[in-house]
Amino acid sequence: AQKGAVDIIIKGGKTGNISFPHARHQKNLNDNCQTCHKLFSQEDGSIDKLKEKQVLQKKMVMDNCLSCHKELSAKGIASGPVKCKGCHSL
């Protein structure tokens with residue numbers, strides 16, 4: 001079941017923001033929300049708030065995304081991008 005926004009824009013620093021296809025991730029992860037939300041709560045702006053409080057360190061969210069994408073790719077399963085420009089857009 002779709003929860004939250006269908007697509008989310010995540011601030012991506014100097015390399016540009018990320019257009020995050022939230023609904024696609026929910027579907028592909030079979031609604032296992034904790035794959036991502038173990039790092040941050042399910043509320044608007046939670047990533048930015050935790051970065052401000054220095055609970056989330058630089059690149060923690062990105063590293064979580066990349067590790068999942070790389071793990072799937074290594075298994076021969078279609079995954080999200082593993083290169084910077086695949087997610088970040090200037």
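A: Start with Lys49 and Glu43, whose side chains form a salt bridge at 3.2 Å, N to O. A salt bridge here is a side-chain nitrogen of Lys or Arg within 4 Å of a carboxyl oxygen of Asp or Glu. This is a predicted model: local features need pLDDT of at least 70, side-chain atom pairs count only at pLDDT 80 or more, and totals for chains, interfaces and linings use all residues. Residues are numbered from 1 along each chain as its sequence is written, and side-chain values use heavy atoms, with hydrogens and water left out.

Lys49 is partly exposed at 42% relative accessibility. Glu43 is partly exposed too, at 43%. The classes are buried (under 20% relative accessible area), exposed (over 50%) and partly exposed in between, with a 1.4 Å probe and protein chains only.

The structure holds three salt bridges. Another joins Lys11 to Asp48 at 3.6 Å, N to O. That pair links distant parts of the chain, 37 residues apart: Lys11 lies in the loop between β1 (8-10) and β2 (17-20), Asp48 in helix α3 (residues 46-52). Helices (H or I, at least four residues) and strands (E, at least two) are DSSP runs, numbered from the N terminus. Lys11 is exposed at 54%; Asp48 is partly exposed at 26%.

Lys75 and Glu71 also pair, at 3.5 Å, N to O. Lys75 is exposed at 55%, and Glu71 partly exposed at 47%.

Now the cysteines. There are zero disulfides, a disulfide being two cysteine sulfur atoms within 2.5 Å. For Cys65, the nearest cysteine sulfur is that of Cys36, 5.9 Å away.
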